[in-house]
Each structure stands twice: as structure tokens, then as C-alpha cells.
Amino acid sequence: MNEKDKLNTEEGDLTLSRRNFFRLGAGLGALALTGRSAFVGADEGNIELPFANGTRPLVAYPQKRPLMVHTARGVNLETPFHVFNEGVFTPNDAFFVRWSSSAMPTQIDTVNYRVNVRGRVKKQISFSIDDLKKLPAMEIAAVCQCAGNSRGFSMPRVPGGQWGNGAMGNAKWTGVRLKDVLDQAGLEADATRVRFNGLEKPSAPSVPDVIKSLDMDMALSPDVFIAYAMNGEPLPVLNGFPVRLVVPGWYATYWVKMLEDIEVLNSEDESYFMKSTYRIPANACGCVEPGQKSAKTVPITRFTIRSFITSLQDGHQVKGGEPHTVKGIAFDSGFGIQRVLFSSDGGRQWHEATLGKDYGKYSFREWQIPFTPARGQAYGLMVMAVNTIGESQASTPLWNPSGYSRNIIETVNVKAV
Ligand SMILES: Nc1nc2c(c(=O)[nH]1)N[C@H]1C(S)=C(S)[C@@H](COP(=O)(O)O)O[C@H]1N2
Ligand SMILES: [Mo]
């Protein structure tokens, strides 16, 4: 039976698919994946990413359509790029997945689930999911992007997940302000940072826990929130059901999934995921000469500006002598996309694209432009975005030793026939 079954829990309706191996656990309101076997999906073929060792099998995980598998433990799944041409919002079942740890929980008890606030607060509080939903709701359209998105294109190559361009997605996130949650606990005068931990525990004592923190200014920003819905539905388990942190404009390493622990600190955060990884060179570009090491580093924070052609992929053939519409997306860290420029002659001449509907400064912004190729000719189609503070991309990519925050004028080569 392939249809979706409506299942009712305390959280409202969850639409689960039997085919995807979901079932309700024994405990009321418990949501369970049936163990390891849940992660053995049907093989749906492969996608070739355009770099060495770029073959990725397509496999359907629970609540997901077939996505490109990078690793199965932890679960790391990439969105096939053509999905970004289907709409400005990335469907939940196509949204990429990244877990650092192989110890991802496969069972969530939604009744007993609590988000605990502790540390440098006047009173410790535990919020059930229902408690959270009683706070004022907010909604923001925002891109969630892995710091290592597009790392596979780094030249020279760098270690880490060899993602194509699909470790990103755009969704409407609904939830409650972190500030409102912190206000209920009351901050002590010496509180300086807020640290977040998800439900998964390290798989071995030697493995560092995945915990991240924000300085107090950022934590109290009106745009930082705890989301319980994604595109109007509960979050898929793999994307952090029942709640995750949303830090619009900042890389997804901060978007802690299955958020259960909020600890207010009065000191620096010495944890591994702040001190030893997710760091970039401490300079304006967050970059070094390709192949060089960086001396001083700082934690990675906000996105570089990016733009992509989505209606055509490298190597495609187009019909010559006819008008086409080239379409794509652009986004930045929240200053807002001001212009998108398109070139069909390898960057000699640039033409202003028409921007699509504005869903807010953290969302993908669609764009389009007419293009009439001449029969028999090859084209290097390029796109460049500019934001409201003048940030853009260059023809040579930004490089750093971890392959973070890729930023380049993207090119798609097509031939008109
Ligand atoms: N609890 C938890 N949250 C996490 C992570 C994790 O390993 N555990 N990984 C982070 C990283 S590195 C990324 S890129 C995003 C991925 O979010 P997604 O799986 O919803 O696409 O989750 C972030 N939140
Ligand atoms: Mo990430």
C-alpha cells in the first residue's frame, strides 16, 4: 500500500507513509523508525556529480523521496539539483539531510519530549511541545545550507563530505522566538552565550557531542527561533522532528535538530564543534590562496551570496533559433538580493534578469531571463547575484582548507542544436 496514511498523535496529524517503514511505536504518541532496516531503501539508480568519485546512489529513506546518498551512518543525503527548478520552496521529502553522528535517534516520544532551559538563568524550565506552541508563533522563509555545500568542487580537493550543490534547501519555518523562551527562564546578569544540544548522544565516549552556541546578541535576535513546522507540516524526523533551531542567514551547523537542551553560559564555549571545527580563516573573505593553510581561524557564521541556473544543467542541449526562458535562484545571508545578472557569452556582457516574488530576505529569490541561442553554437551561461550591500561572486572560487562557504560565478555549458 503506497498511499499516505493519516495518523493522529498529540501533535496533530502526522502524514506518514507505510511504504517508508514508519509505524507508531508502542507508547502513545511515540514516533518510531523500525530500526536499521528502515535505512535500507530501494535502489533507484545513481546520479553523477561532476567531479572525481562523484557517483551517488539514489535511495528513498523514511519520509523522503529518493535522494543522493553520501553516507548512511550518519545519514547524509543530497537533494538532486533539478528539484530547485520545481519551485521556490524545497519539498520536505526532497530536503537534504545531514547528521554528523551515526547515533541519530529513530524514535521520538512526542508526549514526554521536553526542551530544557538551564545554566545562567533565574529559573530552569522544561517546555513540552505544547508549551512551546502556546508562545507567539512566527514564520520565516529561510535557506538552510550546510557550510560544506559544494565542497566537492574545491580545487585542490579537501577532506569532508563531497557534496555537489544540493546540500541546501529553502523552506517556510514556523515556530517560536528563542528570545521568548529565554525570557520565560530569565537571564542572569552574567549570561553571554547560549548553547544548544540535540537528542542524539555521542556514539562512543571518545566522540564529541554535537553542540553549538550563539553569542547573546545573536541568540536574542528576533529572527532566531525554534521551529516545529517546515512548509506547513511537522519536520521530517531526519530534519529534526519535533523541533529544531533556525538561524536564518547562518550556516546550518547552528540549526540544531531535535533540540532538547538550551544551556545559558557565562563563558566561552570550549566544545569541539565550536573550537575545533566549522572554522574559517579569520579575514574578510574567510579564504586563503588555494592549497594554503590558515593561521588564525574564527567560527563560520553567515552565508556567502550565491546564484544558480536551475532550468538547465551542464551538458544539456537546447533547441537553437527559438526563444527560451532561463530560470534560477539566488540567495544571501539576509541583506537581500538586489540584482541578478546573466551572461551567455562567458562573462563578456551581462544582462539584468527579472527577479521573482520576494518571500523575504532569507529565502531563495527566483529569477528569469529570455535567451535565444543560435543553432549549432555552444554557450557558457553564467549567473551572478548582487545583494543590497554590494556582495557578489567572482570568476575564481573562494577557497579554504575545509571547503566551506563556496562563492563563485556559476557556469552551465549548453549546446544549441
Ligand atoms: N542534532 C543535530 N543537529 C544538527 C546536526 C547534527 O548532526 N545533529 N547537523 C547540523 C548540520 S552540519 C547541518 S548541515 C544541518 C542539516 O540540516 P538538515 O538535515 O535538516 O538538512 O543540521 C545541523 N543540525
Ligand atoms: Mo553542515
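How far does a polar side-chain atom of Glu200 lie from a nitrogen atom of ligand 1? The gap is 2.6 Å. Keep in mind that this is a predicted model.

**The ligand site**

- Ligand 1 has 19 residues around it, and the closest are Phe96, Glu200, Asn239, Arg244 and Lys257.
- Sorted by class, that shell is made up of 11 nonpolar, 4 polar and 4 charged residues.
- Lys257 reaches an oxygen atom of ligand 1 with a polar side-chain atom, at 2.5 Å.
- On its own, ligand 1 would expose 530 Å², and the protein buries 99% of that.
- If you go looking for the largest cavity, you'll find it is the space taken by ligand 1.

**The five-stranded sheet**

- Here 5 strands make an open sheet with mixed pairing, and they run in the order E24-E31-E30-E26-E27.
- The edge spots go to E24 (317-318) and E27 (351-352); each has a single partner strand, so one side of each has no neighbour in the sheet.
- E24 runs parallel to E31 (residues 410-416), and 2 bridges join the two.
- For a landmark on that pairing, look at Val318, whose bridge partner in E31 is Ala416.

**The four-stranded sheet**

- Another open sheet has 4 strands, in the order E23-E25-E29-E28, and its pairing is antiparallel.
- At its edges you'll see E23 (306-309) and E28 (354-355), each with a single partner strand, so one side of each is left without a neighbour in the sheet.
- E28 pairs with E29 (residues 365-371) through 2 bridges, in the antiparallel sense.
- To find that pairing on screen, pick Thr354: its bridge partner in E29 is Gln368.
- As background, strands in a sheet pair through backbone hydrogen bonds, in either a parallel or an antiparallel way.

- As a rule, most peptide bonds are trans, and most residues other than glycine have a negative phi.
- Arg73 and Gly74 are joined by a cis peptide bond, with omega at about -15 degrees.
- Gly74 belongs to the loop that links strand E7 (66-71) to strand E8 (76-78).
- There is also a cis peptide bond from Phe241 to Pro242, where omega is near 5 degrees.
- Pro242 is in a loop too, the one between strand E18 (233-234) and strand E19 (244-246).
- Ser150 isn't a glycine, yet its phi is positive, near 75 degrees.
- You'll find Ser150 in the loop between strand E13 (137-145) and strand E14 (168-177).

Definitions and conventions. Residues are numbered from 1 along each chain as its sequence is written. Chains are lettered from A and ligands numbered from 1 in the order in which they are written. This is a predicted model: local features need pLDDT of at least 70, side-chain atom pairs count only at pLDDT 80 or more; totals for chains, interfaces and linings use all residues. Side-chain values use heavy atoms; hydrogens and water are left out. A residue is near a molecule or strand if one of its heavy atoms lies within 4 Å of it. A polar contact is a pair of N or O atoms within 3.5 Å; within protein, one must be able to donate a hydrogen and the other to accept it, and residues adjacent in sequence count only if both atoms are side-chain atoms. Accessible areas come from the Shrake-Rupley method with a 1.4 Å probe; for residues, only the protein chains shown count as cover. On a 1 Å grid over the protein atoms alone, a cavity is a set of points where a 1.4 Å probe fits but cannot get out, and a pocket is an open set with protein on both sides within 12 Å along at least five of seven lines; lining residues have an atom within 4 Å of a point. A molecule sits in a cavity or pocket if more than half of its atoms lie within 2 Å of its grid points. Ala, Val, Leu, Ile, Met, Phe, Trp, Tyr, Cys and Pro count as nonpolar, Asp, Glu, Lys and Arg as charged, and the others, Gly among them, as polar. Two strands pair if DSSP finds at least two bridges between them.
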